[in-house]
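I am opening my notebook on a new structure. Here is what I looked up, entry by entry.

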Amino acid sequence: MLETQVQPATIYLKDYKQPDFSIHSIDLVVELGEEVTTVSSSMTIKRMNHQASTLSLNGENLELISIRRNGLVLNDTSYECTDEYLHIPIPKSEEEFTLAIVTRIKPQENTALEGLYKSSGNFCTQCEAEGFRKITYFLDRPDVMSVFSTTIIGDADLYPVMLSNGNKVEEKQLDDGRSYVKWEDPHPKPAYLFALVAGDLACVEDHFTTASGRDVLLQIFVEKGNEDRCNHAMTSLKKSMKWDEEEFGREYDLDVFMIVAVSDFNMGAMENKGLNVFNSKYVLASPQSATDTDYDGIESVIAHEYFHNWTGNRITCRDWFQLTLKEGLTVFRDQQFSADMNSAAVFRIGDVQRLRAAQFPEDAGPLSHPIQPQSYVEINNFYTATVYEKGAEVIRMIHTILGKEKFRNGMDIYFDRHDGQAVTTEEFVKAMEDGSGIDLTQFRRWYVQAGTPVIKVTEGYNPESQQYSLTLEQENPKLAENFLPYHIPVDMSLLDGNGKAIGFTTDTGAKSTGKVLNLTQKKQTFVFNDINSEPTISLFRGFSAPVKLEQNLDNEQLAFLFSRETDLFNRWDAGQRLSSNILLSQVNRHDVGSLQILPQMYLSSIRNILNDRELDPAFAAIALSLPSEQDLAQKMPVVNVDAIHIVRNNALKEIGLKFESDFLQIYKDLRDLKVEGNQPIASNRKFKNTALRFLTATAKEDYFALAAEQYHAAENMTDAMASLFNLGESEGQIRDEIFADFYQKWEADPLVIDKWFTVQAMSSRPTALEDVTNLLSHPAFTMLNPNRVRSLIAAFVSGNPVHFHEKSGKGYQFLFNAIEQLNGTNPQIAARLVTPLGQWRRYDAVRQKLMTDKLEEILDISDLSNDVYEMANKSLH
Ligand code: ARG
Ligand code: ZN
C-alpha cells in the first residue's frame with residue numbers, strides 16, 4: 001500500500017447514536033439536463049438532541065450552489081463543506097427550521113451506478129445503501145424517515161415518462177418544451193428508498209384488487225420493443241401480492257405499484273417505495289429468450305422486492321448493521337413463496353446448493369462475518385450471502401422452532417408493533433418470543449457469531465432395552481474455543497430397513513414419527529424408547545439448520561439413504577455425499593490418464609434413480625447430477641483443481657457409457673413428449689438435458705451431433721442453451737458454426753448475449769483463458785455494464801476453476817486487470833471480484849504466492865476505492 005493513501009475509516013455498531021436532527025419532509029425539484037442536473041431540496045428539520053450545535057448532512061460529488069435556512073441565504077462562512085459532509089451550525093434555541101439547498105450533479109458521468117445515473121438513455125437511481133447523498137445533501141441514514149415529494153422537470157421528447165415514489169399529483173407542459181411532473185409519497189421513508197426514473201419507456205399495465213378492495217394499478221416500464229416480455233413478471237407480481245395476503249395478512253398500501261427494468265444495474269433489483277427498479281434480467285422473459293432458470297429467477301426476485309414493502313419499507317432498519325433484518329427475512333419469505341408455487345423439495349435443494357456454494361466458503365474464509373456484522377468500511381461490501389442467505393436460514397430456524405402458527409403470531413406482533421419504525425434485529429426476535437412464548441435467548445447467538453457450525457454424530461442402539469441414543473456435538477472451526485453453543489433445531493426421524501419412519505415415544509409421552517430436537521448444549525444426548533430394531537437416523541430433514549454434518553456413514557449406508565430416504569432433501573444430499581466420497585477418493589489416488597472404475601454399488605444406486613419412474617423428473621435430474629468441481633474443492637484440505645476436473649469428467653463419461661442406452665431413451669422420450677395440458681415441461685426439459693450432458697460426456701461424435709440437432713430445433717432458450725453448453729466443451733467446425741449462429745441471431749439482445757459470453761467463460765477447453773481474454777476486445781463487451789462483466793469475468797473466475805487457477809498465474813492476472821479498471825469506474829462491482837482471491841489459503845504454495853501477490857498489487861492501485869481496499873485488505877490478512 002502506498003504511503004500516500006489514507007486508510008479508510010471503520011464504522012462500528014457499538015458507536016451507533018440516534019440522530020441529532022430529524023428531517024420531517026423533503027420536497028425535491030429535479031431538473032434533468034443533458035450535462036448537468038439541478039437538484040433543489042426544501043426540508044423541514046426538527047431538533048432531536050438539545051446539546052447538538054451542528055447539523056452534519058451527508059453529501060458526495062455534489063456541486064453546492066446555495067443554502068438557505070428559514071428563507072435566509074447562508075454565506076460560505078456560515079457552513080463548512082468537506083468531501084463527505086456539509087456542516088451547518090444551528091443555534092441551540094432552534095427547535096425546528098427549514099433548509100433549502102441547491103446542488104448540481106452530473107448523472108451522465110456516473111459510471112458507478114449509485115445515486116442518479118443514466119442507463120440506455122434513461123435516468124434512474126440506486127440509493128441503497130448510501131446513494132442518496134450523491135443526489136443531494138441529506139441525513140442519509142435509514143433511521144431518518146421523511147415524507148417525500150418529488151418534482152421532475154425534463155425534456156418532453158426525451159423523457160415522456162417521469163416517475164418517482166408514491167402517487168402522481170400534478171403534470172403539465174412548460175413553455176420551454178419541458179414537462180413537469182410532481183409525485184407525493186405519503187409514507188415516511190428513509191432516503192435509501194427514494195427513486196426517480198425518466199425516459200422514453202413503454203408501459204405494460206394490469207390490476208390487482210387487494211383483499212380489502214383497493215384497486216391497485218400495476219405498471220411495468222421497459223425499453224420499447226420489450227413489451228411482450230413482461231408477462232411472467234406481471235404474473236409473478238400478482239401471485240406475490242396474493243400470497244402475502246394469504247400467508248401473512250399483508251396488503252399493498254398505495255394505488256399504484258411500478259416496476260422499471262433497466263439494463264445497467266449493480267445488483268438484482270431494488271425495493272424503492274412504490275417504484276421498484278430492476279435489473280432487466282429479472283423482468284424480461286420470453287420462452288425464446290429466457291431459460292427455465294431465468295423464469296424461476298424472475299419469479300423469486302419480483303416476489304422478493306414486493307415482499308420488501310412490508311419487511312423493509314413499512315418496517316425498516318435502524319442502521320446498516322441490521323441489514324439482515326430486512327434481507328434475511330425477505331429472502332426467507334421469497335423462498336417460501338417459490339416453494340409454494342413450485343416443487344417445494346427441488347426448490348429447497350436449490351436454495352441449499354446456493355448457500356453451500358457461496359455462503360459456506362465465505363464463512364470459512366477471511367471475509368467471514370456474522371449475519372449482523374459488528375463493523376464495516378464500505379456497507380456495499382456487506383450485501384453478502386451471509387447477510388442474505390444465512391440470514392434467511394436463521395429466520396427459517398425460528399420458523400422451525402416455533403412452528404408455522406406461532407411464527408405467524410410473532411410476525412403479526414412484529415408488524416403491529418413496529419409499523420412505521422426503523423428497528424433492530426433485537427425487536428424482531430423479541431416479537432417472535434412474544435408471539436410464541438418460546439425463549440430465544442440462546443438462539444440470538446446466531447446473529448453475532450460467525451462461522452458454520454459442524455455437528456458430530458454418535459449413535460448407540462441397545463436391543464435389550466430397546467433404546468436408541470443419539471449424541472450430537474457442536475463445534476465452530478472458525479471461532480474454535482471462542483464460540484458459545486447455538487440453539488439448533490434438528491428436524492429428524494428414525495427409519496426402518498425399508499426407509500419407513502419408526503414411531504417413537506416423545507418426552508411428552510405422545511407417539512411420534514418425527515420431531516424437532518432442540519440442540520442447545522455443546523454435547524447432548526437424546527434417548528428414544530421402544531425402538532425394536534436398529535434404526536437409520538434421518539437428520540436435519542429439509543436442511544433444518546445451516547450446519548455441516550459430520551456423520552460417519554459408509555457408502556453402503558449413503559446408498560441406502562439415496563434410494564430410501566423419505567425426506568427428498570436428505571435423499572438428494574445422501575447421493576451428493578456418496579458421489580463426493582467416491583470422486584474424492586479417486587482424486588486422492590489420482591494418477592493422470594488412468595480411467596478409474598466406479599464401484600458397482602455406486603452404479604446400481606444410479607440405476608435405481610434411472611428406473612424410478614415415480615420420481616419428479618426435476619428431482620431425478622438433480623439427483624443424478626454430480627457435485628460441482630467447486631463443491632468437491634470445498635471438501636479437500638488443499639484443493640487440487642486439475643485432479644478434481646479430470647476425475648469428475650471421467651466419472652461423467654463412465655456413467656454416460658454405462659447407462660448410454662438409458663440416457664438415450666430418456667432423452668428421446670422426453671424430447672418427443674407431446675406438450676399438452678399442464679405437463680410440468682420445465683422439469684422434463686431439465687431431465688432431458690441432464691441425459692444429454694451424460695451422453696456428450698462419452699465424447700462420441702453422435703451426441704455432439706444430437707446437441708447440434710437440438711440447437712437447430714429448439715423452440716425455447718433452455719434447450720438452445722443446453723446445446724450450446726454441451727457444444728462449448730467440444731472443438732471443431734460444428735461448435736464454431738453454432739456459436740457464430742447464436743451470436744448473429746441474438747446480437748440485438750443483451751441478456752441473451754450475456755449467456756453467449758458465459759458459456760465460453762465456463763468452458764473447459766484448453767484455450768478457455770485465451771478465449772476470455774480475446775472476448776474482452778469483442779465489440780459487444782464493455783466494462784461499463786455490470787451484467788456483461790458478470791457474464792464474462794465473474795463467470796470465468798468463479799465458474800472455471802481449472803483455467804482461473806492455471807499455474808502460470810495468467811488467470812489471476814486477467815482478474816487483476818479487470819479489478820484495476822473497474823476500481824476507477826464501478827468500485828462496487830470491482831470489490832465483488834476480489835472474493836475468489838480471498839480463498840488463497842485453500843491452494844498449494846505456488847498458487848498461494850501468486851494469489852497473495854495479486855492482492856498486494858490490488859492494494860497498490862492508485863486511487864483505490866474504499867470498496868476494493870476493504871475486500872483486498874481483509875482477504876490478505
Ligand atoms: N435491497 C436490494 C434487494 O435486496 C439490494 C440493493 C443493494 N444494493 C447495493 N448497492 N448494495 O433487493
Ligand atoms: Zn432484498
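This is a predicted model: local features need pLDDT of at least 70, side-chain atom pairs count only at pLDDT 80 or more; totals for chains, interfaces and linings use all residues.

Strand E19 covers residues 256–262, and strand E21 covers residues 275–279. I found five bridges joining E19 to E21, and the two run parallel. I also looked up a facing pair: Val262 is opposite Asn279 in E21.

Next I traced the sheet. It is open and has five strands, ordered E17-E18-E19-E21-E20. Its pairing is mixed. Which strands stand at the edges? I noted E17 (201–209) and E20 there. Each has a single partner strand, so one side of each lacks a neighbour in the sheet.

Then I turned to ligand 1. I listed 15 residues around ligand 1, and Glu128, Met267, Met270, Asn380 and Tyr383 come nearest. Strand E20 (269–270) gives at least two residues to this shell, and so does helix H2 (292–307). I sorted the shell by type: five residues are nonpolar, six polar and four charged.

Over residues 451–551 I read 0% helix and 48% strand. The end C-alpha atoms of that stretch are 19 Å apart.

My last entry is a helix pair. Helix H16 (residues 681–697) packs with helix H18 (residues 717–728) at an angle of about 15°, and their axes are 10 Å apart. Angles under 35 degrees count as roughly parallel, so H16 is roughly parallel to H18. I noted the crossing of H16 and H18 as right-handed.

Note on methods. Residues are numbered from 1 along each chain as its sequence is written. Chains are lettered from A and ligands numbered from 1 in the order in which they are written. A residue is near a molecule or strand if its C-beta atom, placed from the backbone, lies within 6 Å of it. Helices (H or I, at least four residues) and strands (E, at least two) are DSSP runs, numbered from the N terminus. Ala, Val, Leu, Ile, Met, Phe, Trp, Tyr, Cys and Pro count as nonpolar, Asp, Glu, Lys and Arg as charged, and the others, Gly among them, as polar. Two strands pair if DSSP finds at least two bridges between them. Axes are lines fitted to C-alpha atoms, for helices over the stretch in contact, and angles run from 0 to 180 degrees between N-to-C directions. Angles under 35 degrees count as roughly parallel, over 145 as roughly antiparallel, 65 to 115 as roughly perpendicular and the rest as oblique. A crossing is left-handed if the near helix is turned anticlockwise from the far one by less than a right angle, and right-handed if clockwise.
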